[in-house]
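Good morning, and thank you for coming.

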Amino acid sequence: MNPRAAVFCFHDIVDGDALDDVPVTHRPYALTPEEFRLLMVEAQQSGRRGLPVGQVPGELAGGFYSLTFDDGCSSDYTHAFPVLLELGLRATFFIVPTLVEAPGYVTWAQLREMVAAGMEVGSHSLTHPFLNRCSADEITREY
């Protein structure tokens with residue numbers, strides 16, 4: 001059997017009692033903390049290596065998985081980060097720099113703590129526009 005790779009992309013972890021408040025268009029991207037923790041336990045026990053995205057190019061032939069988080073929601077720090085630390089997993093967090101420190105999003109101090117603990121942080125564009133609606137100059141500015 002050939003080794004396989006997988007990249008899992010998460011968006012938001014929402015307390016179960018708040019799921020009804022999540023817009024229906026965003027609901028497929030939201031997990032409860034319990035659902036997230038179960039997935040991470042399965043990942044840890046899968047026998048595959050967990051790699052931050054920055055290490056993927058050197059490992060394309062092997063069996064591994066990468067955990068990624070988009071947007072920089074505050075739940076990345078409050079819910080995901082503690083579970084990742086507990087299970088000894090690493091992940092890549094793609095943040096929107098203009099949203100850092102905004103209500104509902106991570107802070108610069110939290111990101112520094114996450115990086116110090118071995119997490120990887122990358123950009124998910126400057127302002128998170130719909131790129132198909134942007135001019136070439138706007139796309140260049142976003143990246």
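Predicted model: local features only at pLDDT ≥ 70, side-chain atom pairs only at ≥ 80, totals over all residues.

Residues are numbered from 1 along each chain as its sequence is written, and side-chain values use heavy atoms, with hydrogens and water left out.

Let us take the fold. The chain has four helices and seven strands; these are DSSP runs numbered from the N terminus, with helices (H or I) of at least four residues and strands (E) of at least two. In sequence order the pattern reads β-β-β-α-β-β-α-β-α-β-α. Of the contacts with a separation of 6 or more, 60% join residues 24 or more positions apart, a contact being heavy atoms within 4.5 Å.

Now the surface. The accessible surface comes to about 8,300 Å², and carbon and sulfur atoms hold 56% of it; such areas come from the Shrake-Rupley method with a 1.4 Å probe, and for residues only the protein chains shown count as cover. Of the 143 residues, 36% are buried, where buried means under 20% relative accessible area, exposed over 50%, and partly exposed in between (1.4 Å probe, protein chains only).

Which residues lie closest to the centre of the largest pocket? The pocket itself holds about 160 Å³ of space, and of its ten lining residues, Asp-12, Asp-71, Cys-73, Gly-104 and Tyr-105 are the closest to the centre. A pocket here is an open set of points on a 1 Å grid over the protein atoms alone, where a 1.4 Å probe fits, with protein on both sides within 12 Å along at least five of seven lines; lining residues have an atom within 4 Å of a point. The volume is the space filled by probe spheres set on the points, which are joined across faces, edges and corners. By class, the lining comprises three nonpolar, five polar and two charged residues. Ala, Val, Leu, Ile, Met, Phe, Trp, Tyr, Cys and Pro count as nonpolar, Asp, Glu, Lys and Arg as charged, and the others, Gly among them, as polar.

Cys-73 is buried, at 9% relative accessible area. Asp-71 is buried too, at 12%, and belongs to strand E5. Asp-71 has a positive phi of about 90° without being a glycine. For context, most residues other than glycine have a negative phi.

Glu-101 also has a positive phi, near 80°. This residue sits in the loop between strand E6 (92-95) and helix H3 (108-116) and is partly exposed, at 47%.

Beyond its neighbours within four places in sequence, its contacts include Cys-73, Tyr-77, Ile-95 and Glu-101. Val-106 and Ile-95, eleven residues apart in sequence, have C-alpha atoms 8.5 Å apart.

Finally, Ser-66 lies in strand E5 (residues 64-71) and is buried at 0% relative accessibility. Outside four places in sequence, Ser-66 touches residues including Ala-6, Phe-8, Leu-51 and Val-56.
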